[in-house]
Amino acid sequence: MPPALSAEEIRLANTRYHDVAACHYDAKWGIDFGDLGLDQVTAKVRKALGRAPGHYPRSLEIGSGTGYFTLNLLRAGLVGEATCSDISPGMLDALQANARRLGLTVYTEPANAERLPFADNSFDLVLGHAVLHHIPDLERAFGEFERVLAPGGTVLFAGEPSRYGDRLANVPKRFATAVAPLWRRAIGANPADGMDASAPDAALEAVVDVHAFAPAELLRAARRAGFEQVHVRGEELLANWFGWTNRTLEATAAPEQVPWAWRLYAYRGYLLLQELDRRLLESRLPAAVFYNLMLTARKPA
Ligand SMILES: C[S@@+](CC[C@H](N)C(=O)[O-])C[C@H]1O[C@@H](n2cnc3c(N)ncnc32)[C@H](O)[C@@H]1O
């Protein structure tokens, strides 16, 4: 067993890993600033905050990466003045390049979520997507979210891995790894090169994800920081199983040899199953079985 890393080493690993990942992050994860990205992000916000989620004059995104959430929320007109922070300056450079291309204005500030360089009560919405699981001291970070939010302000985090959902997702990953040689033969693709030049330091990958959550842990962290109306819900089950199967298969093949028809099938299938999850499963099954968790809460007025 490798020795456990200190919180400071985890923060440094996150900075380095994401600085390296920044230049190809959007391509790798299909981050989109067109209609698809707009629909995906606004659908998540509506799921979390209701069909009429309101307008937030001053927003702060934590671990904003290349701007997936904030830039799409600006485009949707759901936020006014947007600030984005991230521990990785490389991610914020990529975000500013995306903002320039889209003609959007956003303030960026490199920051560790556990020590935010913003005044008390200065935002109406504090949000994040796929970031809480990287933060060593969650209690301190929630304390900071509460401090910088104005009274009555809203906190929204989405895309956090659920512990049980993460374990369940190993089933399609293992299945895909086992059938990958057959699949490659069927589509006529060669195995991927062992060395992917665009992959950031692979050894860091296992280090940067420090949590997968039980819903109750997120509830507790938010309540301890003084938030009220705390809700945690789960999203994406079938869509994630389907997505992980395809992603695992695709990772084993030379990318230029994966046929366009396959990519279309993977993309359309994912959207279809996402809709099925939303309509049929998300209101009926416990949050813990889903792959992603979503947290919303309010700072007392
Ligand atoms: C998985 S990425 C998600 C990026 C973006 N929110 C998205 O959904 O595309 C996680 C982001 O959190 C940032 N991060 C990791 N640890 C952090 C910390 N302690 N404080 C602030 N940001 C952090 C990383 O640099 C990275 O940009």
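This is a predicted model: local features need pLDDT of at least 70, side-chain atom pairs count only at pLDDT 80 or more; totals for chains, interfaces and linings use all residues.
Biologist: How are helix α3 and helix α11 oriented to each other, roughly parallel or roughly antiparallel?

Modeller: Helix α3, which covers residues 35–49, packs with helix α11, residues 260–281, at an angle of about 15°, and their axes are 13 Å apart. Angles under 35 degrees count as roughly parallel. The orientation of α3 to α11 is therefore roughly parallel.

Biologist: Which residues in α11 does α3 meet, and what is the handedness of the crossing?

Modeller: From α3, the residues Leu36, Gln40 and Lys47 take part, and in α11 they meet Tyr267, Leu271, Gln274 and Arg278. By class, this contact of α3 with α11 has 3 nonpolar, 2 polar and 2 charged residues. As for the handedness, α3 passes α11 in a crossing that is left-handed.

Biologist: What is the relative direction of α10 and α11, roughly parallel or roughly antiparallel?

Modeller: The axes of helix α10, residues 238–251, and α11 come within 7 Å and cross at roughly 160°. Since angles over 145 degrees count as roughly antiparallel, the two helices α10 and α11 are therefore roughly antiparallel.

Biologist: How many nonpolar residues does the contact of α10 with α11 have?

Modeller: On the α10 side the contact includes Leu238, Phe242 and Leu249, while on the α11 side the residues include Trp262, Tyr270 and Leu281. Among the others in this contact are Asn246 and Glu250 in α10, together with Arg263 and Asp277 in α11. By class, the contact of α10 with α11 has 4 polar and 3 charged residues, and the number of nonpolar residues is 11.

Biologist: Which residue places a polar side-chain atom 3.1 Å from a nitrogen atom of the ligand?

Modeller: The ligand is surrounded by 21 residues, and the closest are Gly63, Asp86, Asn112, Ala113 and His129. For glycine 63, a polar backbone atom is 2.9 Å from a nitrogen atom of the ligand, and for alanine 113 a polar backbone atom is likewise 2.9 Å from a ligand nitrogen atom. The polar side-chain atom that lies 3.1 Å from a nitrogen atom of the ligand belongs to asparagine 112.

Technical notes. Residues are numbered from 1 along each chain as its sequence is written. Side-chain values use heavy atoms; hydrogens and water are left out. Axes are lines fitted to C-alpha atoms, for helices over the stretch in contact, and angles run from 0 to 180 degrees between N-to-C directions. Helices (H or I, at least four residues) and strands (E, at least two) are DSSP runs, numbered from the N terminus. Angles under 35 degrees count as roughly parallel, over 145 as roughly antiparallel, 65 to 115 as roughly perpendicular and the rest as oblique. A crossing is left-handed if the near helix is turned anticlockwise from the far one by less than a right angle, and right-handed if clockwise. Contact means heavy atoms within 4.5 Å. Ala, Val, Leu, Ile, Met, Phe, Trp, Tyr, Cys and Pro count as nonpolar, Asp, Glu, Lys and Arg as charged, and the others, Gly among them, as polar. A residue is near a molecule or strand if one of its heavy atoms lies within 4 Å of it. A polar contact is a pair of N or O atoms within 3.5 Å; within protein, one must be able to donate a hydrogen and the other to accept it, and residues adjacent in sequence count only if both atoms are side-chain atoms.
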